[in-house]
Amino acid sequence: MSARIEGNAGAEWRAHWTVVLAACAGFGASTIISYSSSLFIQPLQHEFGWSRAQIMSGHSIASVTGVIAAPFTGLLVDRIGPRRLGIFAVAAICLATALFSLAGPDIWMWRALWVPMSLAIVIIQPSVWTAAITSLFSAGRGLALAVILCGGSLSSIVTPPLTYFLIEQYGWRVAWIGIAAFWATLALPLIWLFFTSAKDSARRSSTPATVAPPRRSLRESGMLTRRYAQLLFGGVGIAAVVVTLGTSLVPVLSSNGLTRGQAAGIASLLGVSAIIGRLGIGALLDRIHGRYLAAFCVLLPIIGVLILIHFPGSIPAASLAVLIIGFSLGAELDIIAYLTSRYFRLENFGFLFGTIAGFLGLAASNGPVALNAVFDATGSYIPALWATIPICGVAALLFLLLGTYPAADRAEPAGH
């Protein structure tokens, strides 16, 4: 089960810890809208009389655009390097966030303001930050990926209370500008000073690039291989289950015998366990073969689901189930990023992982819709919870059948 990776993790961390710090801040900035927009619903309703569906319609524009454009963002990362794209992306998303302060009573003006936000989301994809780490870390890659992706978890702790404070004290227009300024001040200096990659370093020096140019055809990149299909569908499976459950915990728990207040309190455990899962699995990825860890993390939610089904109304049982689901939720994205970097050549990482990340986002967006459609049809979430079990089983099998990592010189398994 062990995975022996050449290199010295300690030396990699000593040389590149500042890059991890900068990438963590950049990934945190990419989640501004995810963790702030819901707090603006009531102020916008009060001022303009819009429905919640109208206010949240911009998210649909952004999610569809992100899915379509994610592979092209990854391809751009492979060609020009993450540094320049990362600096521009953070500046763009902060500016697009501040532009929401200009919203007026016309709903179409509000939707028009989502156009620059959609473009910013397109270029601030996870592939920007993960590509830098995979190019600089080998022996310590799993933990490094986990740390940068914790930027999203930290943002979930900081952004909502900051947004609420700004709205209450200064109004919703100043709040949009304030959270944009906060993340720009935090992230941009770190990214400007420290964010780089092997490709960026090679470009600034006179030495030849250590990372080869990206392969030009889909077949040469490895996208048309069996392994890539397994990784893609396995990733979609785990995202469809853990992200859907994670974002729907309050209604699921509320319909399962708990009050809304109890459900909200228990759901807050999700963020803590997600950070623990992300860091714990990240460290283990550098020691244990990733396909076993992926299978473990996708099978683990089955235990949480069975607890919810068989112990309705129990606060201790619900708390345990949420901790289990949160652990898997925290590990989901970095496992897929790590496996992509091990099974395929790094010069194609941005394109390959960017494509997978787009489909993960699609699964995460539509999973809650399907979950609630089942509730509308049956009056219960229990049938949907049972349906997650075979999804987890199939995804685990796809991961287990990936096989051993290919050697570094043939990490693009054409024909497999």
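Which residues in H8 meet which residues in H17? The legends below take up this pair of helices and then other close-ups. The model is predicted.

**View 1. Helices H8 and H17 meet through residues from both sides.** H8 covers residues 141-170. H17 covers residues 315-343. From H8 come Arg141, Gly142, Leu145, Ala146 and Leu149. They meet Leu333, Asp334, Ala337, Tyr338, Ser341 and Arg342 in H17.

View 2. For H8 and H17 the angle is about 140 degrees. Their axes lie 9 Å apart. An angle must be over 145 degrees to count as roughly antiparallel. The crossing of H8 and H17 is right-handed.

**View 3. Ser341 is a buried residue of helix H17.** Ser341 has a relative accessible area of 5%. The cut-off for buried is under 20%, so Ser341 counts as buried. Its side chain reaches the backbone oxygen of Tyr338 at 2.7 Å. Ser341 also touches Thr134, Arg141, Leu346 and Phe349, leaving out residues up to four places away in sequence. One of these, Arg141, is among the H8 residues that meet H17.

**View 4. Helix H5 is mostly covered.** H5 runs over residues 82-99 and has 18 residues. Of these 18 residues, 13 are buried. From its first C-alpha to its last, H5 reaches 25 Å. That is close to the 26 Å expected at 1.5 Å a residue.

**View 5. H5 packs against helix H9.** H9 covers residues 172-194. The two helices pack at an angle of about 170 degrees, with their axes 8 Å apart. That makes H5 roughly antiparallel to H9. Which residues of H5 meet H9? They are Arg83, Gly86, Ile87, Val90, Ala91, Cys94, Thr97 and Ala98. Their partners in H9 include Trp176, Trp183 and Trp192. Ile177, Ile179 and Ile191 are also among the H9 partners.

**View 6. Val67 in helix H4 lies 8.0 Å from Ala357, C-alpha to C-alpha.** H4 covers residues 52-80. Along the chain, Val67 and Ala357 are 290 residues apart. Leaving aside neighbours within four places in sequence, Val67 is in contact with Gly358 and Leu362.

Terms used. Residues are numbered from 1 along each chain as its sequence is written. This is a predicted model: local features need pLDDT of at least 70, side-chain atom pairs count only at pLDDT 80 or more; totals for chains, interfaces and linings use all residues. Side-chain values use heavy atoms; hydrogens and water are left out. Helices (H or I, at least four residues) and strands (E, at least two) are DSSP runs, numbered from the N terminus. Buried means under 20% relative accessible area, exposed over 50%, partly exposed in between (1.4 Å probe, protein chains only). A polar contact is a pair of N or O atoms within 3.5 Å; within protein, one must be able to donate a hydrogen and the other to accept it, and residues adjacent in sequence count only if both atoms are side-chain atoms. Contact means heavy atoms within 4.5 Å. The expected span of a helix is 1.5 Å times one less than its number of residues. Axes are lines fitted to C-alpha atoms, for helices over the stretch in contact, and angles run from 0 to 180 degrees between N-to-C directions. A crossing is left-handed if the near helix is turned anticlockwise from the far one by less than a right angle, and right-handed if clockwise. Angles under 35 degrees count as roughly parallel, over 145 as roughly antiparallel, 65 to 115 as roughly perpendicular and the rest as oblique.
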